[in-house]
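Me: I am new to this structure and would like to learn how to read its features one at a time. Could you give me the general idea of each before the case at hand?

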Amino acid sequence: MEVIKLDMEIFTSLFSLLQPLVVLFVSFSVFHVMLCRFVGARKLSGDDYGHGPPTYPIIGCLISFYKNKTRLLDWYTELLAESVTNTIVVWRLGARRTIVTANPDNVEYILKTNFSNFPKGKPFTEILGDFLGYGIFNVDGELWLAQRKLASHAFSTNSLREFVVNTLQDEVENHLVPVLERSAEAAVVVDLQELFRRVASNMICKVSLGIDRCSLDPSLPVLPLDSAFDMASEICARRGAAPLFLIWKIKKWLGIGSERKLKDAVREVHAYVAEVIEDKKQKIGTGDNEISSDQQDLLSRLIVSGHEEEMIRDMMISFILAGRDTTSAAMTWLFWLLSCHPEIERELLKETSAMAPEKMLDYESLKKLKLLKACLCESMRLYPPVAWDSKHAMEDDTLPDGTPVRAGDRVTYFPYGMGRMEALWGKDRFKFKPSRWFNYNRLGGSLKEVCPYSFPVFQAGPRVCLGKEMAFIQMKYLVASILRRFEIRPVSSNRPVFVPLLTAHMAGGLKVLVHKRDVLR
């Protein structure tokens, strides 16, 4: 009897361990049967789900989604271009109903006119919560507003001037330029994207954390923290794009696969930021609410203001993520585009050389670089740092183009697709053409006032990016400083691949050779 009792206990233990896998197996078996049964069923009409891909009972557009999973951006863009309203409705088994739009009227309605009905929403914060926690990019309402007010000081005009003088000049003149000079002398291949990421990481860490981060030397490996950031960012992005929402939740519950890697990566990021916070607290000193001249970074201000450490940590992670990846991606794509259009590079070199030939660029001279701004905008139109952004409807609604919205729907505006809409940019929309940003489409004039809802790469409305002006200043300074001294030439003639994650990047980086120009421009 004792043997039988022991066997039963072992069986019960094994069953409890295997039960989740059994449930998963049965679920997929049922799904397979349903798929086979309904794959030949009548396609639902546009009146059922609006403009969009072929949609069937039970499975929705799952078949089309799987067929196009490696080219989702271009697939969505094609569908949007075919839609009269430049809006589509996408529904598939395992995911909530999604409205994707490239219509500026809809974008303005979502981001401004009825802003309160389209928060990030719980589904979005759940996907990114393990990584970004309660940081500014992952919260709504009062918590978002409070963090935005706290961060706004870092992006005032005076702060931007200080950023140019104290941070940009030091990083570029004393670190970046020497690295590029050594690379040119040794004729070694450099990954420009990785170099820009290190520069951007250093600068955002100086502004937000008040610390120096890493060496720009390309011969040194990527730091473990940066690898952890990349891992966490990629896995969270793939959560949002998963064909079946349930899959990542099951993996997280079981602690396996990518979800285990995410947990490890987040632990490393949290540990690093927590250590920085503790070091900063010790430097500030207990009971001292005054911030010294060398403690003007955002982290010092948050600590002195008495905010909770968890909120400070999450806010710092959000700023590092945004600051290290977005500008570096935009500059990487710009240098590749310039290599394909040498005539535009020559015009750009004339502009940057004429502005300040004898001295370093300052805040005022950077603002006058109109062609450079047009080139950056054109690069981001074609290759936006954030390919799409989603909100979730609180209540039933109707978009300006007549698309009905149900409470709980995911509503996505799509900068990548918007940059490829003929209605917005004309028949030459796929062409790199900086002149389109000037009045009368001619270089050398005044820049156009482009509607932010037609070009929402920095969002728009109440959540417009606080760091927009700083991003342009940073990119202008870096691009102009490099162009005046060096020629950048990609080693491969192959077209790069655009990879959209939380922030987009160029697959495999941009491998280049650096050549010194004959004279300092």
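Reply: Let us begin with a strand, where a strand is a DSSP run of E with at least two residues and a helix is a run of H or I with at least four, both numbered from the N terminus. Strand E4 (residues 389-392) is covered on both faces, with Asp389 and Lys391 buried on one side and Ser390 and His392 buried on the other; buried means under 20% relative accessible area, exposed means over 50%, and partly exposed lies in between (1.4 Å probe, protein chains only). This is a predicted model, in which local features need pLDDT of at least 70 and side-chain atom pairs count only at pLDDT 80 or more, while totals for chains, interfaces and linings use all residues. Residues are numbered from 1 along each chain as its sequence is written, and side-chain values use heavy atoms, with hydrogens and water left out.

Me: With which strand does E4 pair, and in what sense?

Reply: Two strands pair if DSSP finds at least two bridges between them. Here E4 and strand E7 (residues 410-413) are paired in the antiparallel sense over four bridges, and Asp389 stands opposite Tyr413 in E7.

Me: How many aromatic pairs are there?

Reply: Rings of Phe, Tyr and Trp (its six-membered ring) pair if their centres lie within 6.5 Å, and planes under 30 degrees apart count as stacked, over 60 as edge-to-face and the rest as tilted. By this rule the count comes to 19 aromatic pairs. In one of them, the ring centres of Phe137 and Phe319 are 6.3 Å apart and the planes stand at 40°, so the pair is tilted. This pair links distant parts of the chain, 182 residues apart, with Phe137 in the loop between helix H6 (122-132) and helix H7 (141-152) and Phe319 in helix H14 (residues 309-340).

Me: Which charged residue lies over the face of Phe472?

Reply: A charge sits over a ring if NZ of Lys or CZ of Arg is within 6 Å of the ring centre and within 35 degrees of the ring normal. Lys373 lies over the face of Phe472, at 5.0 Å from the ring centre, and Arg381 lies over the face of Trp425, at 5.3 Å.

Me: What does Tyr76 touch?

Reply: Contact means heavy atoms within 4.5 Å. Not counting residues up to four places away in sequence, Tyr76 touches Phe65, Ile88, Val90, Trp388 and Phe414. Tyr76 lies in helix H4 (residues 72-82), and it is buried, with a relative accessible area of 8%. One aromatic cluster includes Tyr76, Trp388 and Phe414 among its members.

Me: Which residues have the most contacts inside the largest nonpolar core?

Reply: A nonpolar core is a set of buried Ala, Val, Leu, Ile, Met, Phe, Trp, Tyr and Cys residues joined through side-chain atoms within 4.5 Å. The largest one has 142 residues, and those with the most contacts inside it are Phe131 and Met316. The largest share of this core, 16 residues, comes from H14.
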